[in-house]
Amino acid sequence: MARLQHRRTVQSLEYEVTEHEALHRFLLSHRPSAGLLPFNRILLGLALESHFRQQARQHQQEDGRKKGSSKLKEAQQIDVYKKIAMAAGVSVGTLNHVKQLLPNIDSAIREALHNGEIRIHRSWRWCRLPRDAQWQELKSFRRGKGMDEVVNRLVADQLRRQRSKAQQGLHLPK
């Protein structure tokens with residue numbers, strides 16, 4: 001941007017933060033962004049999971065609530081998931097969907113998620129299927145999407161022809 005404006009210097013701020021804090025700030029600044037899809041934000045957010053777990057343990061110790069009860073561990077896990085979801089700008093449910101589908105999805109579906117071709121919920125439904133069935137679902141989805149594009153283009157062409165004929169009909173000498 002500075003080059004386009006022919007500027008020799010750029011004002012900037014430098015912060016001394018940990019890698020985890022830098023990633024967290026990056027995610028917060030790119031919430032619902034045209035350039036960073038929810039799936040990709042979640043993957044980045046999951047890199048913060050161990051950091052948030054460590055924070056939760058420290059918080060637990062500082063508050064003197066270290067009793068080892070299962071309810072406390074469950075509450076700690078929920079808190080970590082909430083923090084990851086907030087950092088990624090998604091719901092806890094969407095985060096859980098991604099955590100469930102990651103170990104079970106075909107690589108082609110993962111790629112389709114990365115580039116925004118399909119949404120998280122659709123891939124989550126497919127992740128319970130065997131990998132070859134997942135691939136068939138993706139293939140069918142792409143075929144249907146391709147047909148939709150062809151139909152939309154044909155309808156648009158037909159509408160253009162009708163408008164052109166209508167305009168020519170208005171300008172014909174009587």
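I read along the sequence and got the pattern α-α-α-α-α-α-α-α. The tally is 8 helices and 0 strands, both taken as DSSP runs numbered from the N terminus (helices H or I with at least four residues, strands E with at least two).

**Ground rules.** I'm working on a predicted model, where local features need pLDDT of at least 70, side-chain atom pairs count only at pLDDT 80 or more, and totals for chains, interfaces and linings use all residues. Residues are numbered from 1 along each chain as its sequence is written, and side-chain values use heavy atoms, with hydrogens and water left out.

**Whole chain.** I looked up burial next: 25% of the 174 residues count as buried (buried is under 20% relative accessible area, exposed is over 50%, partly exposed is in between; 1.4 Å probe, protein chains only). The accessible surface comes to about 13,100 Å², and 52% of that belongs to carbon and sulfur atoms (Shrake-Rupley, 1.4 Å probe, and for residues only the protein chains shown count as cover). For contacts (heavy atoms within 4.5 Å) with a separation of 6 or more, 58% come from residues 24 or more positions apart.

**Core.** The largest nonpolar core holds 30 residues, and Ile42, Leu101, Leu113 and Ile118 have the most contacts inside it. The term covers buried Ala, Val, Leu, Ile, Met, Phe, Trp, Tyr and Cys residues joined through side-chain atoms within 4.5 Å. Elements giving two or more residues to this core include α1 (19-29), α2 (38-46), α5 (92-101) and α8 (131-171). α4 gives the most, with 6 residues. I then listed the partners of Ile42, leaving aside neighbours within four places in sequence: Ala88, Val90, Thr94, Leu95, Val98 and Ile120.

**Pocket.** The largest pocket has a volume of about 200 Å³. I noted how it is found: on a 1 Å grid over the protein atoms alone, a pocket is an open set with protein on both sides within 12 Å along at least five of seven lines, and lining residues have an atom within 4 Å of a point. Its lining is Leu37, Pro38, Phe39, Thr94, Leu113, Gly116, Ile118, Arg119 and Ile120. These split into 6 nonpolar, 2 polar and 1 charged.

Ser91 sits in the loop between α4 and α5 and is partly exposed, at 40% relative accessible area. From Ser91 to Tyr81 I get 9.4 Å, C-alpha to C-alpha, for 10 residues of sequence.

Asn115 lies in the loop between α6 and α7; its relative accessible area is 45%, so I logged Asn115 as partly exposed.

Ala133 is in helix α8 and is partly exposed at 25%. Its C-alpha is 9.5 Å from that of Asp106, 27 residues away in sequence.

Conventions: 1 Å grid on protein atoms, 1.4 Å probe; cavity = no way out; pocket = protein on both sides within 12 Å on 5 of 7 lines; lining within 4 Å. Points joined across faces, edges and corners; volume = space filled by probe spheres on them. Nonpolar A, V, L, I, M, F, W, Y, C, P; charged D, E, K, R; others polar.
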